[in-house]
Amino acid sequence: VFPSLAQAQASVANEVYRELGQPSIFLFCPTEYCSSLCSPSPSQSCYLLTLGQELLPGIGVIWTGPKVVSRELSATPLEEVEGVLRRRPIIWDNLYANDYDCRRVFLGPYMGRAPGLMPKLRGLLLNPNCELQANFIPIHTLGSWFRSELGSCAYPDHAGMETAAALGESQSPQEGSYSPQEALELALRDWVAEINRQALEPGR
């Protein structure tokens, strides 16, 4: 029925999206969801070009970056993806994912994401460690990065400033000054406090 996989996927996604009343959040994960899966590159991928043309504009497209697990994310490659998809991507961040190696957990700070990245994104999803409690530091430091992004000049709208204030200026990094090491130290302090609090609960 369809001349290509991309046209088939876009047709089905569009039909489901319309059937659900075009919800404000509707996410589509493409077969080529990172640069290393694109041939020869994101901007020259017939698959992604077709998706950009065929997918309804309200549908968000998930992207993991240069690789499935991307050590770094920067603005220029994301602008390339935005151009071909005709929308800002939603980052599906696998920095902490350990489902592919159950012998490891990732407890370092959120890092390798360039300052001023938020205006290039429609959203960001963090794929965590499979072990629930091992995600305290990843999520805590992601929060510090997010506060720094909201407080930076790269995200100057009034709503962003109100959100940053609501998150608590006293615990936020200064404008544009996200430090992975400082974020890690803050997360460790709060994690130890949480562990001590749980240790005092009856039955612990």
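**Close-up 1. Arg86 in the loop between α3 and β3.** In this predicted model, Arg86 is exposed, its relative accessible area being 57%. Arg86 sits in the loop that runs between α3 (75–85) and β3 (90–93), and its phi is positive, at about 60°, although the residue is not a glycine.

**Close-up 2. Gln22 in the loop between α1 and β1.** The loop between α1 (5–19) and β1 holds Gln22, a residue other than glycine whose phi has a positive value, near 50°. With a relative accessible area of 46%, Gln22 is partly exposed.

**Close-up 3. The cis peptide bond from Ser39 to Pro40.** The peptide bond that leads from Ser39 to Pro40 is cis, with omega near -5°, and Pro40 has its place in the loop between β1 (27–28) and α2 (46–54).

**Close-up 4. Packing of helix α4 with helix α6.** Helix α4 (residues 136–151) packs with helix α6 (residues 180–199) at an angle of about 130°, and their axes are 9 Å apart; the two helices are therefore oblique to each other. The crossing in which α4 passes α6 is right-handed. On the α4 side, Phe136, Ile137, His140, Thr141 and Ser144 take part, and they meet residues of α6 including Ala183, Leu184, Leu186, Trp191 and Glu194. Sorted by class, the residues of this contact between α4 and α6 are eight nonpolar, three polar and two charged.

**Close-up 5. Ser148 and the backbone of Tyr178.** Ser148, a residue of helix α4, is buried, with a relative accessible area of 3%. At 3.3 Å, the side chain of Ser148 reaches the backbone nitrogen of Tyr178.

Definitions and conventions. Residues are numbered from 1 along each chain as its sequence is written. This is a predicted model: local features need pLDDT of at least 70, side-chain atom pairs count only at pLDDT 80 or more; totals for chains, interfaces and linings use all residues. Side-chain values use heavy atoms; hydrogens and water are left out. Axes are lines fitted to C-alpha atoms, for helices over the stretch in contact, and angles run from 0 to 180 degrees between N-to-C directions. Helices (H or I, at least four residues) and strands (E, at least two) are DSSP runs, numbered from the N terminus. Angles under 35 degrees count as roughly parallel, over 145 as roughly antiparallel, 65 to 115 as roughly perpendicular and the rest as oblique. A crossing is left-handed if the near helix is turned anticlockwise from the far one by less than a right angle, and right-handed if clockwise. Contact means heavy atoms within 4.5 Å. Ala, Val, Leu, Ile, Met, Phe, Trp, Tyr, Cys and Pro count as nonpolar, Asp, Glu, Lys and Arg as charged, and the others, Gly among them, as polar. Buried means under 20% relative accessible area, exposed over 50%, partly exposed in between (1.4 Å probe, protein chains only). A polar contact is a pair of N or O atoms within 3.5 Å; within protein, one must be able to donate a hydrogen and the other to accept it, and residues adjacent in sequence count only if both atoms are side-chain atoms.
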